[in-house]
Structure formats: structure tokens, C-alpha cells
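Here's a quick tour of one structure, from its core out to its charged pairs. Have the model open and follow along.

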Amino acid sequence: MSAYGRGETADDLLAALLDGMDAALCAFDSDGVITHWNREAERILGWSAAEAVGRKGFEGWAVRAADAQDVQDRLMAAQDVPGRQVHEFALLTKDGGRVLVRTQSAGVPGADGKPAGVYCAFSEVHAQIDLERSIALSEALLDDASWGVVLVDVDLRPAVVNAHAARAFGSHRTSLLGRPLGELLSQGVEELEGALQHVLAEGAPPAPVELWVSVRTPEGVRRRCWRCGFLRLASPLAEEPVPLGVGWLFQDVTEARQAQLDTAQLRFRTHQLHRAGRAAAECDDPAEAAAVRLEYALAGFAEHALLDVLDPSAGPERRRLVRSAVSPPALPGPGSIPVRYEAGHPALQALDRIGSVRTSAPRGQADAEWARARQWPEGAAHVLCTVLRSRGRTVGALTFVRGPSRAAFERVDAEYAEEVAARVAADLDLATSTPVR
């Protein structure tokens, strides 16, 4: 290829590059004559390259006469100082309008190192401000935001994590990057990944989503409720939207949601106690009333209730518990079933402590052998035993049993069980002191 051909190709390449830029660009030689003018400059001001190239400065066509010399001096001064110079000018469009632009200009050295001209990139001020706002917003979200922000790639792995999100995960920002979500969460990961995949495929949901998750932290697993918002991220440089991942924003609302759950639970249990009291009042036999109270107590609380009463014939020295009722009923017909609890059994501990005892099977899973040794239902995983007291006397023990699908009993559960036990004990005391008519 001849030198002429190579020069022609280089010029074509330069023209294509300049016309493909998103920013408006023009260049001046050392005398201030315009040598380059791209399509974005034509779009903003309306002057074509043929109309702009060859003119000296903007005077007489792209700037007011009163501003022409100041604009020219400030632009051409860039070739005498290092670095870029930033200015704002009001330029004129071809149809006579005015556009406030922000320019970045820098000197162009010649082959001998001396100033050979100036190049100037400019954009409309409002567009530049919008860009700066977007960048500032991104930096603020990924640094100082008071909610968690995670940018998740298309493989559903964190690509960027802000400081708040890192604290929520109990880790450092860099240590979270690129890790599968299943390594960070022990529960709730399926729901979260499902939401992220939906956003990638269909777009953001119309409203925030609340997810309960269990976060693995160095201090242990923490159960949290996160209020989440999602945004699908697409490349602005592609002709068709190309997903880059998902922007995931979340706030920890555990305390508020837990307070709501506790309030709803307390309201429901209070309502059950009220209903049980009204149903028990219709029973002629106080022992039957005690069994009715157990049926109402089980709703939303446990799978089984075992009612054991002290056998008065055994004497104070030799305690013996007799099975009085089971809910739901397991054996038809009347009759009491003696139970032989080994020393240290939770029901006997409850009698000794005059309080409640909570226990769970190993790993919180149902263990038939573990339950059988303690004479509990085969599916027992979590158990709460509490004492029955009436008129200052111990009447027996009440046991509630949960399966592995439920959480272990907590202190608030023991308080509810003790309230039920107090009412059941009063019924049993009445049954032994008052003959049925």
C-alpha cells in the first residue's frame, strides 16, 4: 500500500472514530482554525462539519459577538498549560437558539513538542449534570447508603457490595465477591435466587419483596427479614438490551416484622384461651374441661399435649405420675395409664423446679429412639414440660410436643404453656375436690 493509501485509510479511521463518539468534539490548529467537527457536535449545535471546518473560532456563527473573544482566549489558552481545562460557555445553534455547554479542552503538541492546537470535547450542561448525578448516586449507593446494595452478575454471584450489605452478611466487602449465595445463606437462598432469576428474565417486580433468610456469620447463623427491591441492569452501549446482572437493594426489617409476628401470636393465643375458657365452662366434668383446654391450646402451638397427674395414693415420698389425658386422643375409652418416667426426665424436672423445662432431640430432628425412651410420641423433636399447680399444691405435669417442622420452644412459648397449665390445674383440682353431679 502506498503512503498516500495509508494516509487516506488513517484519515478515514480517524473520521469514523470521531463521528462514533458520544461526546461532541472539535479541534483547532494553533491559529484557532477549526480542523475537526464530529456528528455529535452537529447534533447539539446544528452546524455540519462542512459548515464548521475551516472557520476561525466561533465568532460570527456559534457564539455571540460580545462573548466571542473571551471564548476564543479561554479555549486556546489550553495549549499553553498542562492538563485539561474545564469551562462553561453559551453557544449558538444554527437556528438561533442558545445552548449552555461544558467543555474540556487540552493542548495538542506537534512533532517538535511545541503547541500545535487544541482539542475540545463538549456536551450540554444538563446532560453532563445528569451524568455526574448518576455517577455520584452510584458512588453514594455503593459507599454510604443506609441500606444494603449488592450488584449481582448473571451467574447470581455478588460483583459489587456496599459497606452496609457487607455488615449485614457479617463479612468484608471483598470476601463476598464472586461467592455463590448458597455459601452466604443457609436458608432463604432458593427464594432469593428465584427472585433474581425472575428479574433477569422478566424485569423488576412491581413492589418490594420481603424475604426471611438465615445468614451464615462468624458468630453463627442469624435469622433476618430483608425488605428487598430489584433492578435489572442492562448495558447502555449495546443496540439491544444485554443483561449485566441485577441491582439488589435491601433493608433489615427483622425487629419490626418480629414485633408484628409476636403481637399477632399473642392476640391469637389470648383468643384461644378465651375460647377454651368458654368451652370449658360448658363441661359438667372439670376433668373434661381440662381436656378441652388442651385441644384449644394445641392450635398453632404444638402437635401433641400429654397431661400427667400425681397419684395421691402413692404418698408424698414416692411420686408417681398417671397419664390423665392426651390431645389429640390416642387411646379410646376411659381409664388412667400409669407412666414410668426415669430419674431426670424433663417432666420430673419440671416438678422439682416448679417451673418449665425445654428440650430438643439431637440436631432438632425427630428421633424415634430418643422419643421412645422418654415415652413421647415417635415424631417428637422439641418438647416443653411445665408443672401443674393449684392452691399452692403440685397437681401434675403438662407436656407439649412439637415435630421437626416447627422451631424449638422459646421462653415466650413457656409463658403461654404455664398460663394453660394454671387453668388446667384449676380444673383438675376442682375435679378431685368436687364430686360430679
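## The main core

The largest nonpolar core holds 27 residues, and those with the most contacts inside it are Phe169, Leu185, Trp226, Phe230, Trp248 and Phe250. A nonpolar core here is a set of buried Ala, Val, Leu, Ile, Met, Phe, Trp, Tyr and Cys residues joined through side-chain atoms within 4.5 Å. Seven elements each supply at least two of its residues: β6 (148-152), α6 (163-168), α8 (181-184), α9 (189-202), β9 (209-217), β10 (220-234) and β11 (243-252). Of these, α9 gives the most, with six residues. Helices (H or I, at least four residues) and strands (E, at least two) are DSSP runs, numbered from the N terminus.

What does Trp248 touch, leaving aside its neighbours within four places in sequence? Its contacts (heavy atoms within 4.5 Å) are Gly148, Val149, Val150, Val152, Phe169, Leu192, Trp226, Cys228, Gly229 and Phe230.

A word on the ground rules: this is a predicted model, local features need pLDDT of at least 70, side-chain atom pairs count only at pLDDT 80 or more, and totals for chains, interfaces and linings use all residues. Residues are numbered from 1 along each chain as its sequence is written, and side-chain values use heavy atoms, with hydrogens and water left out.

## A helix with one buried face

Helix α4 (residues 65-76) has twelve residues and reaches 17 Å from its first C-alpha to its last, close to the expected 16 Å (1.5 Å times one less than its number of residues). Its buried residues are Ala68, Val71, Gln72, Leu75 and Met76. They fall within an arc of 110° seen down the axis of α4, so they line one face of the helix; the arc is that of the directions from the helix axis to the C-beta atoms. Their cover includes β1 (24-29), β3 (85-92), β4 (98-109) and β5 (115-124). Buried means under 20% relative accessible area, exposed over 50%, and partly exposed in between (1.4 Å probe, protein chains only).

Asp413 sits in helix α14 (residues 411-433) and counts as buried at 4% relative accessibility. Leaving aside its neighbours within four places in sequence, Asp413 is in contact with Arg269, Phe301, Leu384, Arg402 and Ala408.

Most residues other than glycine have a negative phi, and most peptide bonds are trans. The bond from Ser327 to Pro328 is cis, with omega near -5°, and Pro328 is in the loop between β13 (321-327) and β14 (337-338).

Leu156 has a positive phi, near 65°, in the loop between β6 and β7 (158-161); at 10% relative accessibility, Leu156 is buried. Ile354 has a phi near 50° and lies in the loop between α12 (346-353) and β15 (356-360). Ile354 is partly exposed, at 47%.

## Salt bridges

The count comes to 23 salt bridges, each a side-chain nitrogen of Lys or Arg within 4 Å of a carboxyl oxygen of Asp or Glu. Glu40 and Arg43 pair at 2.8 Å, N to O. Both lie in helix α2 (residues 39-45), three residues apart, about one turn of the helix. Glu40 is buried at 17%, while Arg43 is exposed at 53%.

Glu303 and Arg406 meet at 2.6 Å, N to O. Glu303 is in the loop between α11 (286-298) and β12 (304-310) and Arg406 in the loop between β17 (393-402) and α14, so the pair ties together parts that are 103 residues apart in sequence.
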